[in-house]
Amino acid sequence: MRYRLATEADAEVLLTIYGQYIETEITFEYRLPSLDEFRKRIRDILLFYPYLVAEEDGKVIGYAYAHRHMQREAYQWNAELSIYLDQKATSKGIGTELAKKIIAILKLQGLQKVCSGITQPNHKSNGLHEKLGFYLIGTYRNAGFKAGRWYDVSWFQKDIGKHLPQPEKPISLCELKHEQIDLILSTPMP
């Protein structure tokens, strides 16, 4: 298994993986984004946050990324985590490894908290997050309507920093040393 930073050139294969979820409640989007829109999403996220892909035998089989959790300035120390795997690649530890690598990079950036919103019911994703040390902070009841029904969304969070009284501003992914990122990507996470 190889883990690396995503590029805009990955957009087509990542969109194909994402497309496996578009008719499900896993994503609240109703329509699959265009290839150009998906490229733009990758480009925009990589300006500050990590966006990783997992490859097996040279084939991309999953991806994960972090992005801004909420927009106001006081939230800048938080990130939201999203993970999507090819449906043939689930339950093999790939999502766990992608999440651990994202979290390790976010720590280097100086972020303090990682959150995930999970449409309910989703026992696999809940279990993955709990295994990673996330804890349930609450559930928005009937938060989204898709495919003829209302779904709850549970929010999980994991503290990854020290919450100092005068925290330094987080730095962008681009400001990290390539060696630091390469080490995280090439080393199995504990």
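What follows is a short chat about a predicted model.

Q: What should I know about the model before we start?
A: It is predicted: local features need pLDDT of at least 70, side-chain atom pairs count only at pLDDT 80 or more, and totals for chains, interfaces and linings use all residues. Residues are numbered from 1 along each chain as its sequence is written, and side-chain values use heavy atoms, with hydrogens and water left out.

Q: OK, helix α3. How many residues, and what does it span?
A: Helix α3 covers residues 94-109, which is 16 residues. It reaches 23 Å from its first C-alpha to its last, close to the 22 Å expected at 1.5 Å a residue. The expected span is 1.5 Å times one less than the number of residues. Helices (H or I, at least four residues) and strands (E, at least two) are DSSP runs, numbered from the N terminus.

Q: Is α3 enclosed or open?
A: Largely enclosed by the rest of the structure, because 13 of its 16 residues are buried. Buried means under 20% relative accessible area, exposed over 50%, partly exposed in between (1.4 Å probe, protein chains only).

Q: What follows α3?
A: Gly110, with a positive phi near 95°.

Q: Which side chains does Lys101 pair with?
A: Lys101 meets Glu97 in a salt bridge, 3.2 Å from N to O. A salt bridge is a side-chain nitrogen of Lys or Arg within 4 Å of a carboxyl oxygen of Asp or Glu. The two are 4 residues apart in helix α3, so about one helical turn separates them.

Q: Why does that spacing matter?
A: An α-helix has 3.6 residues a turn, so residues three or four places apart point the same way.

Q: Lys101 and Glu97, buried or exposed?
A: Lys101 is buried at 1% relative accessibility. Glu97 is buried too, at 13%.

Q: How many salt bridges in the structure?
A: There are 11. One of them joins Glu8 and Arg43, at 2.8 Å from N to O. That pair links distant parts of the chain, 35 residues apart: Glu8 is in the loop between β1 (2-5) and α1 (11-19), Arg43 in helix α2 (residues 35-46). Glu8 is partly exposed at 32%, and Arg43 is partly exposed at 37%.

Q: Which residues form a salt-bridge network?
A: Arg2, Arg4, Asp10 and Glu55.

Q: Switching to Glu80. Where is it?
A: In strand β4, residues 78-85.

Q: What is the nearest opposite charge to Glu80?
A: Arg68, 10 Å away. Glu80 is buried yet has no salt bridge. Here Lys and Arg count as positive and Asp and Glu as negative; His and the chain ends are not counted.

Q: What is Glu80 in contact with, then?
A: Leaving aside neighbours within four places in sequence, Glu80 is in contact with Tyr65, Ala66, His67, His69, Cys115, Gly117 and Trp155. Contact means heavy atoms within 4.5 Å.

Q: Now backbone geometry. Which peptide bond is cis?
A: The one from Gln120 to Pro121, with omega near 0°. Pro121 lies in the loop between β5 (113-120) and α4 (123-131).

Q: What about the phi of Asp57?
A: Positive, about 50°, although Asp57 is not a glycine. Asp57 sits in the loop between β2 (51-56) and β3 (59-68). At 82% relative accessibility, Asp57 is exposed.

Q: And the phi of Ala147?
A: Also positive, about 50°, and Ala147 is not a glycine. Its place is the loop between β6 and β7.
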